Amino acid sequence: MKTALYRKYRPSTFDEVIGQDVIVTTLTNQIKKGAVSHAYLFTGSRGTGKTSCAKIFARAVNCLRPKNGSPCGECEVCKALASPSNLDIVEMDAASNNGVDKIRDLRESVGYMPASGKYKVYIIDEVHMLSGSAFNALLKTLEEPPAHVVFVLCTTEVHKLPATILSRCMRFDFKLVPTEKLFELIKKIFALEGAKAEDAALMHIARLGEGSVRDTLSIGDRCLNASDNLTYELALEITGTGSSEETARLMDAVVSSDVGGVLSQVEALAGAGKSVTQISRELTVFARDLMLIIAGGTRPTATEDTLEKMRAIAARTDLPFLVKFIRTLGGADAELRYSTSPRIVLESALLSLCASVSLAPASPAPAPQPGGRPTAKPYAQPAPAQAAQAAAPQPAAQPRPGAVVDDRTLGVLGYVRSRLRKGGNVRLFGEYSSLPDANVRVSGSDFAVFVDGGSYLTFAEPENMRAVQEILDGMGAGYRLRVERLADNGASVLDQILEALGGLDVEVVDGRGKRLK
């Protein structure tokens, strides 16, 4: 059976651990000085080296001749600890052993002296999964352990640990590993495996790892099994992701408020089998890289051609819009996961951003810094003439049957529908979804909705109008909802019923119990 890359190349010494220099330095100094604490807490994202460092540390504190704070692997103790039958390093998975009985067994076993080394080391992985009673059972032992016992607790969700546990441990927070270090690691491993790969393909794998060594090696393992000569195009196909050029085209369409371009680009990506969730994630990372360029921060990890395209897009946008962009897609993330139509959710979010671009005040192009990086752009204040024109009363919007709906109206309507869906207002979402686009107009500060007599009672209901107005207020464009009743060719069924009941002492209520007459 083939061994997975993340298991085959698991670090065996502290020198092989990447991206955690401060933690490695602290642990190795403790080992060199013999100043070992009784309890440690390793916390951080998955795949950052918590369990690997715990295992190295457990062997290093027992090693007879440690090298630079790492186990030598050659002494009698190191060889004994390398055996699966050793009793001095006890690993426990709290996810499957989270009951109080398991911790009671552990409390009884800590009284036994180590068989070969100086310490018995207990590594409890996913410690946040322990039950409340199990934590209470562990507390006393953790507070006053025998001199020959060391605890190493590992978790990805440190906020779930009781404060009484946290206060008794020496805490180390593992950081996400930089993309450059992941790239160097995956490049080295491909060379050791005798495989060839383009740097662009390896950089793509490193970016998809998102700071996790294990995730990066798992993706690399999949690509390595597909081909011994990995190209960038093949890496895109294997991982089911879009290229940076495709992401740049989609982002450019949003910044340009090109509704047609947004829809066609999403259609192309989805048609190529790309996951909608992945498209959203790549757009978010791309927007974050644009923020780095505008702010003059750390250079994004990308090819020179892609950087040129990113600089061109960055010159036509600003930091406030990119922050809004990331928040909008982040807010739609949960809906993308559970929606039966995730593509529509993504398109609605992007079209709402298109609408906000067209409404944003114009700002001058950023001045390039040395090295080609544009500086951040401040919002430009509207000229007095423009401000007076914006403040002047706008003509009332009127429906034009059969007319093509403008992009601005389409964007605002799409945003309203998306927020109603996300907010769980199923009834009102259904009404606005079935409402013809031609029955909505955006003119000046008015968001006008024209409905027939049968639907007017629903759209104009105060509670429903308040819900939609709050959504419009969230856009920050100053829109005011206005619901108008269209002249019917004939009275609606409800109107006929109300008219027939005229003069009768009866009460008419709708399906929600609201009194109509």
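Which residues does Asn62 touch, not counting residues up to four places away in sequence? Point 2 takes this up.

1. **Basis.** This is a predicted model, with residues numbered from 1 along each chain as its sequence is written. Local features need pLDDT of at least 70, side-chain atom pairs count only at pLDDT 80 or more, totals for chains, interfaces and linings use all residues, and side-chain values use heavy atoms, with hydrogens and water left out.

2. **Asn62.** Not counting residues up to four places away in sequence, Asn62 touches Val77, Leu81, Gly117, Lys118, Tyr119 and Val121. Contact here means heavy atoms within 4.5 Å. Asn62 sits in the loop between helix H3 (50-60) and helix H4 (76-81). Helices (H or I, at least four residues) and strands (E, at least two) are DSSP runs, numbered from the N terminus. Asn62 is buried, at a relative accessible area of 3%. Buried means under 20% relative accessible area, exposed over 50%, and partly exposed in between (1.4 Å probe, protein chains only).

3. The Asn62 side chain reaches two backbone nitrogens: that of Lys118 at 2.8 Å and that of Tyr119 at 2.6 Å. A polar contact is a pair of N or O atoms within 3.5 Å; within protein, one must be able to donate a hydrogen and the other to accept it, and residues adjacent in sequence count only if both atoms are side-chain atoms.

4. **Strand E4.** Seven of the seven residues of E4 (residues 149-155) are buried. Val149, Phe151, Leu153 and Thr155 cover one side; Val150, Val152 and Cys154 are on the other. In a regular strand the side chains alternate between the two faces of the sheet.

5. **Neighbours of E4.** Strand E1 (residues 39-44) runs parallel to E4, joined by five bridges. Thr43 stands opposite Thr155. Strand E3 (residues 120-125) also runs parallel to E4, again with five bridges. Here Val121 has Val150 as its bridge partner. Two strands pair if DSSP finds at least two bridges between them.

6. **Ala137.** This residue belongs to helix H6 (residues 132-143). Ala137 is buried, with a relative accessible area of 7%. Ala137 and Val100 are 37 residues apart in sequence, yet 6.7 Å apart in space, C-alpha to C-alpha. Leaving aside neighbours within four places in sequence, Ala137 is in contact with Val100, Ile103 and Arg107.

7. **Cores.** The largest nonpolar core has 35 residues. Such a core is a set of buried Ala, Val, Leu, Ile, Met, Phe, Trp, Tyr and Cys residues joined through side-chain atoms within 4.5 Å. Those with the most contacts inside it include Leu250, Leu283 and Phe325. Elements giving two or more residues to this core include helix H12 (244-255), helix H14 (276-295) and H16. H14 gives the largest share, eight residues. Leaving aside neighbours within four places in sequence, Leu250 is in contact with residues including Val262, Ile279, Leu283 and Leu350. A second, separate core of 30 residues includes Phe14, Val17, Val61 and Cys78.

8. **Helix H16.** H16 (residues 319-331) has 13 residues. Its buried residues are Phe321, Leu322, Phe325, Thr328 and Leu329. Asp318 caps the N-terminal end of H16, with a side-chain oxygen 3.0 Å from the backbone nitrogen of Phe321.

Terms used: The expected span of a helix is 1.5 Å times one less than its number of residues.
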